[in-house]
Amino acid sequence: MMSRTRYILGIILVVLLVVLGYWGYQNYLAPLPPTPTPQPSSAGAETAPLVVSAEGQVVPVNYVRLGFDVAGTVEEVFVKKGENVHAGQVIARLKNREQVEAAITAAKLELLSAQQALDALYKNAEVNEAQSLKAIADLRDAVRDAQRRLNNLLSPAEQTDIEQARANVAIAREKTKKAREDYEPYAKKPEDNLVRATLLSKKAQAEEEYEAAVRHLNNLLSGANEIDAAQAEAELALAQAQLALAQTNYGELENGIDPDTLALAQARLENATAQLAAARAAADNLELRAPFAGTLVVNDLKVGQYVLPGTPLVILADLSGWQVETTDLAEVDVALLQPGMSAKITLDAFPGKEFSGVIRLIDMLGQERRGDMTYTVTLDFDPGDLPVRWGMTAYVDIPIP
């Protein structure tokens, strides 16, 4: 009898376990059923309007989680939780700012030096080209003069040339005599006397011109000797060689700056520019700035705290507007929606209040939830003066036209 009783109790226990398991599956594990879509009724009968319903939560119109891009120790926290910030405002700063600023200064100095070196390279090229042209002109005159002197030595002097040379000697002699007479009264004046210095210079120039005129006349009268002719030929050859070298140098300058030298100067400038950009980026990484105006909803930063790169410790939100993001819209319902459609929104926190909403965005990427693909739909709505909060539960009804 006891064995039969235990048998019956065992059957009852198994039945209860099966019932409880089925109830748990239906409530926690079973896929969400799609929103029922009314089927067309028979001809002449009215059909109920199709409405897509969903649950969601209230979120700010814009928000972001912020963290430092580099590891470091927090040196200063400028904004507390709940305070408002403007776009670009510094929220907190890490240590080592002085070292980074020194690196920026050094990078600026190197950039300036590299730019000046490159500018000097171009400027020197212009100066060198101009100097080369002048050297060519001067050497052409030297070749002409050497050729003329050689010709005079090798050719018999014309009587007219001799007479002209004698006249030049006479003129130079008188000019020298006059210069000496003008200088004589000032010969014993101090050396820094301006008049004495001027007259002494004129006297020396006149004497030099006189000696040259005498040499020229003597050459015309005596004719060339082997030593003078050889010297004249050597001077002509030297002048011609110097002219050829100057023309070669100018040809190289016409081709521009040496490519290797120019490439090195440009690479130095590019490197200095990159170093300055890197130093400035390092300085920026020490500061956590607000990307837009809003309120610090969360701020877990503390002075002396060591932070890791990419760890979000601050949440910034723009609380000037609110939206609802759905959490359970299945793919069969999302297929019926599009941006711009109107909706009715209610909040658990404000019973009896109904708000008008408009679909702003439908996510392209879905998420699997309890075996069904769901998509987040974002709706704009205006709660007016009601004190809505981030995360409040919302319900959305979207009529399908």
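Is Tyr63 buried, partly exposed or exposed? I looked this up in a predicted model, where local features need pLDDT of at least 70, side-chain atom pairs count only at pLDDT 80 or more, and totals for chains, interfaces and linings use all residues. Residues are numbered from 1 along each chain as its sequence is written, and side-chain values use heavy atoms, without hydrogens and water.

**Entry 1: Tyr63.** I found Tyr63 partly exposed, at a relative accessible area of 28%. Buried means under 20% relative accessible area, exposed over 50%, and partly exposed in between (1.4 Å probe, protein chains only).

**Entry 2: whole protein.** I noted that 28% of the 401 residues are buried. I recorded 7 helices and 14 strands, taken as DSSP runs numbered from the N terminus (helices H or I, at least four residues; strands E, at least two).

**Entry 3: aromatic pairs.** I applied a ring rule for Phe, Tyr and Trp (its six-membered ring): centres within 6.5 Å, with planes under 30 degrees apart stacked, over 60 edge-to-face and the rest tilted. The count came to 2 aromatic pairs. In the tilted pair, Tyr63 and Trp390 lie 4.8 Å centre to centre, with 55° between the planes. Tyr63 sits in strand E1 (residues 51–66) and Trp390 in the loop between strands E13 (377–381) and E14 (393–399), 327 residues apart. Trp390 is partly exposed, at 30% relative accessibility.

I then examined Phe355 and Phe381, whose ring centres are 5.6 Å apart with planes at 65°, so the pair is edge-to-face. Phe355 belongs to strand E10 (residues 354–362) and Phe381 to strand E13, so the pair ties together parts 26 residues apart in sequence. Phe355 is buried at 8% relative accessible area, and Phe381 is buried at 6%.
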